[in-house]
Amino acid sequence: MKNDSFELEGIVINSMPNATFKVKLENNVIINAYISGKIRKNFIKIMIGDKVKILINNYDYKKGRIIHRL
């Protein structure tokens with residue numbers, strides 16, 4: 001994990017085109033998230049209602065990258 005980013009957990013609430021998702025975080029904030037390369041490479045399916053771990057950059061709090069499906 002880089003110094004300018006942090007991890008949060010959330011629940012997928014909506015699936016959108018191009019493997020992007022709307023995710024509701026623990027603090028009830030809804031952000032857009034996309035799938036990381038390892039999840040895409042290993043064909044891991046993410047469905048609505050799944051709990052996921054998201055890496056968020058300090059510079060843009062409205063976007064995140066899904067790095068783990070719990």
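Predicted model: local features only at pLDDT ≥ 70, side-chain atom pairs only at ≥ 80, totals over all residues.
Colleague: In which order do the five strands close into a barrel?

Modeller: Strands here are DSSP runs of E with at least two residues, helices are runs of H or I with at least four, and both are numbered from the N terminus. Two strands pair if DSSP finds at least two bridges between them. The pairing in this barrel is mixed, and the order of its five strands is β1-β2-β3-β5-β4.

Colleague: How do β3 and β5 pair, in the parallel or the antiparallel sense?

Modeller: Strand β2, residues 20–25, pairs with β3 in the antiparallel sense over five bridges, and Phe-21 has Ala-33 of β3 as its bridge partner. On the β5 side, Tyr-34 is the bridge partner of Arg-65. Strand β5 covers residues 63–69, and over four bridges its pairing with β3 is parallel.

Colleague: Which residue in the turn between β1 and β2 has a positive phi?

Modeller: Strand β1, residues 5–16, and β2 pair in the antiparallel sense over six bridges, with Val-12 bridged to Val-23 in β2. The two strands form a hairpin with three residues between them, and the turn residue with a positive phi, about 60°, is Asn-18.

Colleague: Which residues make up the covered face of β3?

Modeller: In a regular strand the side chains alternate between the two faces of the sheet. Strand β2 has Thr-20, Lys-22 and Lys-24 on its uncovered face and Phe-21, Val-23 and Leu-25 on its covered one. In β3, residues 30–35, the uncovered face holds Ile-30, Asn-32 and Tyr-34, and the covered face holds Ile-31, Ala-33 and Ile-35.

Colleague: How much accessible area does the nonpolar patch on the surface have?

Modeller: Patches are made of residues with over 30% relative accessible area and no salt bridge, where like charges are joined within 9 Å and nonpolar side chains (Val, Leu, Ile, Met, Phe, Trp, Tyr) within 5 Å. Ile-11, a residue of β1, is partly exposed at 41% relative accessible area, on a scale where buried means under 20%, exposed over 50% and partly exposed in between, for a 1.4 Å probe and protein chains only. Together, Ile-11, Ile-13 and Ile-30 form a patch with an accessible area of about 240 Å².

Colleague: Why is the pair of Phe-6 and Tyr-61 called tilted?

Modeller: Rings of Phe, Tyr and Trp (its six-membered ring) pair if their centres lie within 6.5 Å, and planes under 30 degrees apart count as stacked, over 60 as edge-to-face and the rest as tilted. A search of the whole structure finds one aromatic pair, and because its ring planes stand at 45°, with centres 6.2 Å apart, the pair of Phe-6 and Tyr-61 is tilted.

Colleague: Which residue forms a salt bridge with Lys-53?

Modeller: A salt bridge is a side-chain nitrogen of Lys or Arg within 4 Å of a carboxyl oxygen of Asp or Glu, and a search of the whole structure finds three of them. The one made by Lys-53 has an N to O distance of 4.0 Å and links β4 to β1 across 46 residues. Lys-53 is partly exposed at 24% relative accessible area, and its partner is Glu-7.

Colleague: Is Asp-50, the salt-bridge partner of Arg-69, buried or exposed?

Modeller: The closest N and O atoms of Arg-69 and Asp-50 are 3.1 Å apart, and this pair links β5 to the loop between α1 (37–41) and β4, 19 residues apart. Arg-69 counts as partly exposed at 38% relative accessibility. Asp-50 has a relative accessible area of 16%, and is therefore buried.

Colleague: How far apart in space are Asp-4 and Asn-58?

Modeller: Asp-4 lies in the segment before β1 and is partly exposed, with a relative accessible area of 27%. Asp-4 and Asn-58 are 54 residues apart in sequence, and their C-alpha to C-alpha distance is 5.6 Å.

Note on methods
Residues numbered from 1 in each chain as written. Heavy atoms only, no water. Areas by Shrake-Rupley, 256 points an atom, 1.4 Å probe, with all protein chains shown as cover.
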